[in-house]
Amino acid sequence: MRVKNRDYKSIWINEKGNLCVINQLRLPHVFETDVLKDFDAVCYAINNMVVRGAGLIGATAGYGMWVAASQAPKESIASFENYVHLQANRLLATRPTASNLAWAVARQLKELKQGSTIEEKIALLKDRAETIADEDSRSCQSIGWHGLELLKKIAATEPGKTINVLTHCNAGWLAFVDFGSALSPIFAAHDVGVPIHVWVDETRPRNQGASLTAWELAQHGVPHSLIADNVGGHLMQHGMVDMVITGADRITRNGDVANKIGTYLKALAAKDNDLPFYVAFPSSTIDFSLSDGLSQVPIEERSGDEVRRMSGKLADGSIATVQICPDETPARNWAFDVTPARLITALICERGVCPATEAGILGLFPEEA
Ligand code: MRU
């Protein structure tokens with residue numbers, strides 16, 4: 001993705017061998033890259049949402065395992081591996097809902113068993129982290145191509161008309177390594193000249209829509225409008241939405257989707273208005289071990305202070321955080337909800353588009369049957 005005439009990914013190793021990320025807490029007002037100098041910094045970055053979004057959380061965890069191995073004690077293979085396993089558990093505890101994190105850690109723990117010396121193992125973990133990141137990026141690019149066909153079909157029904165797509169949270173390139181999931185078809189459509197406009201849900205409490213999705217769309221020149229979280233249903237009732245696309249943090253094998261809090265309400269409104277509701281994700285987001293989203297997906301609950309406060313830019317350009325409720329008012333803050341498969345028109349992943357059913361998913365992933 002291009003920012004200020006330079007190609008960026010959301011995570012990379014620089015020429016000095018340091019792990020670098022874009023600091024997503026500073027966007028949209030400041031574009032700043034950070035070095036994650038050690039394993040504590042990696043955990044802090046995931047937990048405090050310096051990096052966030054299912055795909056990027058997974059990629060960061062992949063690199064985090066390499067960082068952990070690099071700073072592990074090297075007296076013996078046993079103590080080295082023991083240390084890396086302990087750090088893997090720390091990573092797993094940083095954010096519980098997105099599958100991609102546990103998926104990346106599991107891949108790296110498998111890699112840890114390869115190689116006969118500590119140096120070899122560290123090199124293998126680094127290579128595997130790069131592979132996880134590259135795969136994420138390639139999968140998101142394919143999602144863009146598959147989703148583009150769906151957008152073209154809608155465009156063909158009324159040539160020349162602008163397609164209005166509603167999205168929730170940020171499922172763009174910042175949420176992955178590159179391209180994004182829900183936003184990848186939108187970027188692709190814009191690039192080939194399909195007229196498109198995006199309704200961007202602000203996505204309280206962390207405002208990933210307002211801060212990140214709007215920023216990405218603006219960088220890419222895609223027409224968009226920011227809306228308050230509760231506006232979508234009204235727009236749908238008045239024929240101002242043609243399609244909803246969101247990302248996902250965890251998909252169960254029967255097609256239930258855990259995604260940013262509020263996604264479920266958008267799916268209900270889309271169903272009531274007979275509008276297509278698509279969910280886009282790379283296969284690293286599918287948890288084939290689960291078959292019921294509502295009862296089985298762990299839903300992260302974050303600090304109530306994220307609801308009680310908001311950050312933004314003041315008139316003098318400085319960034320400030322303000323409290324928006326009475327001092328004595330407590331808040332609860334569930335970060336994700338589950339949209340049942342029955343409300344989803346279809347799933348879009350790197351292998352194609354399928355119904356949100358077990359048969360549909362297994363049709364694309366027969367090796368998981
Ligand atoms: O809490 P976040 O910002 O990590 O949540 C992100 C989302 O819910 C995205 O929609 C989701 O990760 C899917 S796209 C990666």
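On a 1 Å grid over the protein atoms alone, a pocket is an open set of points with protein on both sides within 12 Å along at least five of seven lines, a cavity is a set of points where a 1.4 Å probe fits but cannot get out, and lining residues have an atom within 4 Å of a point. Grid points are joined across faces, edges and corners, and a volume is the space filled by probe spheres set on the points. The model shown in these views is predicted, so that local features need pLDDT of at least 70 and side-chain atom pairs count only at pLDDT 80 or more, while totals for chains, interfaces and linings use all residues. Residues are numbered from 1 along each chain as its sequence is written, and side-chain values use heavy atoms, with hydrogens and water left out.

**View A. The second largest pocket.** The second largest pocket has a volume of about 280 Å³. It is lined by 19 residues, and W103, E135, S283, S284 and E350 are the closest to its centre. Helices α2 (54-70), α4 (99-112) and α5 each supply at least two residues of this lining, with α5 giving the most, 4 residues (helices are DSSP runs of H or I of at least four residues and strands are runs of E of at least two, numbered from the N terminus). By class, the lining of the second largest pocket has 7 nonpolar, 6 polar and 6 charged residues, where Ala, Val, Leu, Ile, Met, Phe, Trp, Tyr, Cys and Pro count as nonpolar, Asp, Glu, Lys and Arg as charged, and the others, Gly among them, as polar.

**View B. The largest pocket.** The largest pocket has a volume of about 780 Å³, and among its 28 lining residues L25, R206, M310, S311 and T321 lie nearest its centre. Two or more lining residues come from each of α7 (208-220), α11 (305-308), β14 (309-313) and β15 (319-323), and β14 gives the most, with 5 residues. The lining of the largest pocket divides into 11 nonpolar, 9 polar and 8 charged residues.

**View C. The two domains.** The domain assignment of the protein chain gives domain 1 (2-135) and domain 2 (144-368), with bounds that come from an automatic or database domain assignment. Their C-alpha centres lie 25 Å apart, and 31 residues of domain 1 are in contact with 33 residues of domain 2, contact meaning heavy atoms within 4.5 Å. Each domain gives at least three residues to the lining of the largest pocket, and each likewise gives at least three to that of the second largest pocket.

**View D. The cavities.** The structure holds 2 cavities of 30 Å³ or more. The largest cavity has a volume of about 160 Å³ and is lined by 20 residues, of which R52, G53, A54, N170 and D249 lie nearest its centre; α2 and β11 (257-260) are the elements that give two or more residues to this lining. The second largest cavity, with a volume of about 50 Å³, has a lining that includes R204, R206, K260, R302 and E306.

**View E. Helices α5 and α6.** C140, Q141, I143, G144, G147, L148 and L151 in α5 meet S184, P185, I186, A188 and A189 in α6. The residues of this contact divide into 8 nonpolar, 4 polar and no charged.
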